[in-house]
Every structure is written in structure tokens, then in C-alpha cells.
Amino acid sequence: MNNGRLLSLGTGRLRTVAAILISEVNQVITVGRMIDLAWDADPPARARGVVHNHVHRLRRLLVGQAEIATRGQGYVLLADPCAVDVNRFRHLVSGAHEAEPRTAVANLRQALGLWRGEALADVPGKRVRRALGVGLTQARVAALQELGVKLLLLRRYGELITELTAWLAEHPLHEELTALLMRALQASGRQAEALDHYHRTRRHLKDQLGIDPGPALRETYLAVLGGEPAGSPPFAGRASAGPGPRPGSGPGPGSRPGPRSGPGPGPGPADSYGSGDPSPTPPAVSQLPPRIADFCGRVRETVALDQQLDRLPRPDCVVLTGAGGTGKTTLAVHWAHSRKDEFPEGQLFADLRGFERPPMRPATVLAMFLRALGVPEARIPEPLAERSALYRSLLAGRRMLVVLDNAGTAEQARPLLPATPGCLAVVTSRRRLSGLVVRDGAALLTVGPFAAEDALELLGNALGRSRVAADRDAARALVERCDRLPLALRIAAARLMAHPDWSLGHWTAKLADERRRLQELSAHDAGLAVETSLYLSYRALSSGAARLFRLLGLYPGRDVDAPTAAALAGRDLERTHRHLAELGDAHLVEEQPQGSYLRTDLVRIYAEQLVAVEETPTERDLARQRLRDHTVRYGPGRC
């Protein structure tokens with residue numbers, strides 16, 4: 001991040017060099033060590049020059065945020081240590097060691113909340129991940145173990161079960177954490193599930209490592225089997241003192257998909273699953289997030305969703321697709337709240353994080369849904385197909401709404417779709433998810449930018465109608481410079497609310513500078529930015545489509561035809577059509593009836609910034625020359 005702006009480092013060795021410098025911020029790292037870490041095999045003769053070039057690029061990217069200084073035979077990244085998540089994590093964990101249990105739990109939760117998947121998972125190179133990432137993972141596990149001990153002492157068993165179930169679903173070989181989970185389950189009156197976890201872990205250890213459980217886990221098993229209280233010695237002492245997994249029992253391969261978050265099993269009827277009750281009744285659920293109070297516009301889309309509701313009781317699905325920041329989630333949640341009386345037996349909701357890394361796996365979401373529907377953890381099957389079948393069986397004969405937000409692919413959403421009359425699935429995505437439309441008969445509804453009057457209404461709701469009415473012309477110019485995009489409008493309104501002395505005209509004038517427009521449309525404290533939204537869509541493109549998108553940043557107009565795009569990229573027309581279709585599917589361009597492709601101003605500005613950073617001067621000059629040659633031969637394209 002640079003002043004709240006997400007920086008794109010690509011997927012190559014530049015990301016590796018950045019990771020090495022950031023991981024040891026304010027410490028000198030020799031060029032020789034950077035070379036050793038950055039190449040898995042023998043480094044090439046030009047490795048030192050490659051490192052120097054990458055450091056030069058990073059210096060340009062970090063201007064105003066941090067400094068990379070030369071120190072002797074190496075480099076040092078000079079920055080506030082607390083700006084690096086690793087250091088913040090260590091500081092919070094250190095503060096938890098001597099704190100009283102409740103304070104320690106708060107610190108540890110904040111520390112663990114800084115993690116987004118495995119350490120250095122998106123950094124290429126096994127050697128650097130092994131050298132820098134293993135210690136971080138061990139520290140994470142130790143923090144999770146300490147959190148477990150504190151929660152056990154506080155008798156917050158439900159929270160502990162949720163935390164450990166999520167981790168052990170991904171890393172089923174960790175014995176100390178398995179022991180903690182067994183004690184929490186036992187204390188919650190779920191002795192059978194605790195014993196089932198032990199036997200499951202024992203099988204994993206035998207099948208994958210050829211070993212038996214260690215003494216600590218075996219003693220916990222005997223304690224649970226004998227009904228020993230959860231906090232009694234020697235368990236509590238062992239858990240708090242344990243430094244981590246014994247060799248071979250830490251995170252590793254072979255994990256089964258499992259829940260990462262979500263409510264625990266429901267009361268009452270949940271106990272009937274697997275107990276011989278022929279007709280268990282799952283509890284009602286209501287998982288919808290809060291809706292925005294100042295929702296406005298979207299009349300056409302709301303009517304279309306109502307029409308899908310009228311098609312029930314046949315099983316149904318509708319995909320809300322559109323560019324990032326168009327308000328798809330806001331629309332889906334608002335409509336779901338307004339129609340939830342039509343689904344009295346429950347509403348399920350999951351953010352699939354389809355454009356984040358890593359995305360939610362269908363098996364993980366199914367485990368969340370099954371627990372919410374009352375299925376005990378021990379009765380949730382492991383194979384994805386079996387989880388999906390059980391989920392659909394539970395929805396049979398019920399009238400339920402399922403909102404699947406931010407799906408990345410049709411394959412991610414398909415196992416989560418209901419299959420019985422009376423249920424409706426609403427899926428939101430930055431892509432069109434044509435697979436759901438073609439194969440599953442889903443309806444497709446495109447959510448675009450606001451109409452001009454709706455954009456003004458949103459601005460008035462946020463700022464006050466009198467403030468907008470006082471300078472209507474500036475307000476109209478403002479919404480156009482935000483491309484009438486709800487996310488951009490809300491960020492602009494938030495900036496104006498933070499500066500009540502600013503006039504609309506002043507803020508609109510700031511956005512006139514295209515070099516700073518994306519930077520201005522960033523809510524730094526909330527982690528929201530138009531540029532970040534665009535980056536998530538760009539990152540999901542294939543390499544060919546991403547390159548074409550960047551090179552379009554050299555084209556001066558908003559409206560470009562396929563032959564001009566092909567000339568700019570130096571590719572044949574057929575391949576360019578495929579890449580333009582992919583950009584259209586991601587809503588980064590919009591195909592026009594006459595065959596040209598339109599970009600919004602914010603997309604165009606983002607492409608201009610990308611091409612200046614990610615393409616070399618030589619590549620940019622060659623692309624401009626190809627464009628000039630094409631223009632001389634065929635005439636100017638659409639501008």
C-alpha cells in the first residue's frame with residue numbers, strides 16, 4: 001500500500017525482492033543474500049543487475065511512503081515498523097503474554113486478524129518462502145495456541161471451537177490445537193465430537209506421516225474419555241507451555257476443506273442428525289448483513305429481481321453482474337431484506353471472496369451453511385459432493401433465500417445453489433458467470449453505474465440536499481468525474497463530510513486532475529479505494545488480457561475498435577477479440593452495438609497508470625509506433 005493506494009507488483013521476482021525488504025524492514029540486507037533468496041536454482045550471471053533494477057522500480061513505487069537506502073553492499077527499507085503487518089503482529093502477541101486473559105484475547109484476535117492466508121503465499125520462489133515464511137507460520141500457530149488457552153480459561157468454549165475448527169480444517173495434523181479443541185468440545189457437552197476429532201487426527205497422522213499421536217494428545221484423549229474437567233491439570237499446563245507442534249505434526253498437506261467462520265450448530269434439532277430421527281427439522285436462520293439506510297435508485301434492477309421472485313416455487317437463480325464498485329452487494333442485501341418475509345424459513349449469506357487470495361472454497365461455505373442449519377460438526381461429510389447433497393436435502397421442501405456475494409467463477413457458486421422449488425439464489429460477481437446462465441439456467445442482470453439523477457440523489461442523501469442544491473452544477477460535474485459509480489460517490493461524499501468547509505466546486509476541481517483522481521477517491525481509514533477495486537478485477541485477468549488492458553492506457557480515447565487494439569498490442573485480430581471479450585466479461589470495457597469498446601474515465605486513468613509502471617519504456621515506444629503506423633494506414637480510430 002502507498003498512501004492507501006494498492007500497488008501492483010505483478011507476479012514475478014519484483015514481488016520477491018519487495019517481500020525480502022519488507023520482512024526485514026530497517027535492517028540491511030546484502031545483495032548476495034537477496035540473490036540467494038530470490039532464485040531457487042543457481043542464479044544467472046546477471047542476477048545482481050536484476051536485483052538493482054527491481055530495487056530501483058520499488059523506489060519509484062514507494063515515493064512519499066518509504067525509502068530504500070543503499071548501505072554498503074546491500075539495501076535497507078526505511079519505514080515505520082508498525083506499517084508492516086508482521087511487526088504489528090509480533091508487537092500484539094508480545095503484549096498478550098503478560099496481559100490478563102480478556103486483554104490477551106483481544107490482542108491475540110487483533111494479531112491473528114492481520115493474516116490473509118498463508119505467509120508469503122503469493123510470493124514466487126520456494127527458497128524465499130521457506131526461509132522467511134516457516135518462522136511466521138510457526139509464530140501464527142503459537143499465537144493461535146495461546147488464544148486457545150486463554151479462551152479455555154475464560155470458559156468461552158464456543159469461540160474457541162469456531163477458531164480451532166477453522167484452522168484444523170486446513171491443517172489437520174496439529175496435535176496441540178487438536179487437544180485444545182477436544183477439551184473445548186468436552187466442556188460444551190460434546191464428548192462424542194471430541195473423541196471423533198481425536199480418531200480423525202490419528203488417521204491423518206498414520207496415513208500421511210506413518211506415526212501415532214504424541215503423548216500429549218493421547219493423554220488428552222484419555223482425559224476426555226474419562227470425563228476429566230477441561231481445565232484440570234496436566235492439560236492446562238501442557239497447552240500453555242507447548243511451543244508448537246512436534247516434528248511432523250504441523251500444518252501440511254492432506255487437509256480436508258472445512259469451515260473458516262460462521263455460527264456453531266443450532267440447538268435442539270441439530271442433535272437428531274445421525275441419531276435415527278427420520279425427519280429432523282433444521283432451525284431457521286437469518287444471516288443477511290445490515291442494509292444501507294440511504295439506499296436509492298436501482299428501480300429497474302429491483303423490478304427484475306421481483307420478477308424472479310414471481311417465478312417461484314420453481315428453483316431459481318439470478319446473477320447480479322457488474323464492475324467493482326457498482327453496488328451489487330448493496331442492491332442484493334437491500335432487496336433481500338425487503339423480501340425476506342417471502343422466505344420465512346431462512347436466509348443464508350456468504351461472501352465468497354472470489355477475487356481475493358485465497359477465495360472461499362465451496363466446501364468451506366457448505367460447512368458454514370450446514371452448521372447454521374443445525375448439522376453437528378461430526379456429521380458434516382468430507383467430500384464436496386456429499387456436503388452439497390446434504391445441503392440440498394436440508395433445503396428440500398423449504399422456502400429459503402441464499403445470497404452468494406462476490407463469486408469468482410461459476411464453479412465456485414454451483415455447489416451452493418439450491419435445487420428444490422421454493423428457494424432462490426442471488427449471486428453477485430464482477431464477471432458474467434456465463435456458466436451459470438448456460439448450464440444452470442440462471443437469469444443475468446447487469447448492474448451498471450447510476451443514472452445521473454440517482455447519483456445526485458445518493459450525493460444528496462449523504463451530504464444533505466441543501467448542500468447539493470446550493471451548487472447543482474458542481475454536483476453534476478462531481479458525479480460525472482466519479483463515473484456515477486456508487487463506491488466513488490460514497491468515498492467523495494465521505495471526504496466532503498470530513499471537510500465541511502470545502503465547497504462542492506473545490507472538491508470537483510481537485511478531481512479534475514486525472515493524475516490524482518484515483519488517489520483522491522480513496523477512504524484511507526476504511527481501506528476502500530476505487531483503485532483497489534479496479535486492481536482486483538485486473539489481477540484476475542489472463543496475462544494476455546491484462547497486457548492488452550495496460551497497453552490501452554496508451555490510447556487517448558475512451559472508445560476503441562478491435563483492429564486498433566490489435567495494432568496497439570501487436571497481436572492478431574482473433575486473439576485480440578478474445579482478450580477484449582475477457583475484458584468485457586470483467587466489465588473493464590463495454591462492447592458497443594457498432595462493435596467498438598468503451599472505457600469509463602476511471603478505468604482509462606487506471607490503465608494509463610498501469611502501463612507507465614508495468615511496461616518498459618521500450619515496450620511503450622513500440623506500442624505507440626504500432627498505433628501510429630495503424631493510424632497512417634487505416635485512419636484514426638474512434639476517440
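Predicted model: local features only at pLDDT ≥ 70, side-chain atom pairs only at ≥ 80, totals over all residues.

Visitor: What makes β4 and β9 the edge strands?

Guide: The open sheet of six strands has the order β4-β6-β7-β8-β5-β9, with parallel pairing. An edge strand pairs on one side only, and that holds for β4 (285-286) and for β9 (443-446).

Visitor: How do you know that β6 and β7 pair?

Guide: Pairing requires at least two bridges between the strands. Strand β6 (residues 346-351) is joined to strand β7 (residues 401-405) by five bridges, and the two run parallel. Within this pair, F349 has V403 in β7 as its bridge partner.

Visitor: Which strands does helix α12 lie across, and at what angle does α12 run to β9?

Guide: Helix α12 (residues 299-310) lies across β5 (316-321) and β9, and the angle to β9 is about 170 degrees.

Visitor: Why is strand β3 called largely enclosed?

Guide: A residue is buried when its relative accessible area is under 20%. In β3 (residues 74-78), four of the five residues are buried, so the strand is largely enclosed by the rest of the structure.

Visitor: What makes β1 and β2 partners of β3?

Guide: The criterion is again at least two bridges. Strand β1 (residues 29-30) has two bridges to β3 and runs antiparallel to it, with T30 opposite G74. Strand β2 (residues 67-71) has five bridges to β3, also antiparallel; here E67 has L78 as its bridge partner. Both strands therefore count as paired with β3.

Visitor: Which residue takes a positive phi in the hairpin of β2 and β3?

Guide: G72 does, with phi near 60 degrees; the hairpin has two residues between its strands.

Visitor: Which residues meet where α26 and α29 are in contact?

Guide: From α26 they are P563, T564, A567, L568 and A569, and from α29 they are A623, R626, L627 and H630. By class, this contact has six nonpolar, two polar and one charged residues.

How values were computed:
Residues numbered from 1 in each chain as written. Heavy atoms only, no water. Contact = heavy atoms within 4.5 Å. Axes fitted to C-alpha atoms, helices over the stretch in contact; angles between N-to-C directions. Buried < 20%, exposed > 50% of the residue type's maximum accessible area, 1.4 Å probe, protein only. Nonpolar A, V, L, I, M, F, W, Y, C, P; charged D, E, K, R; others polar.
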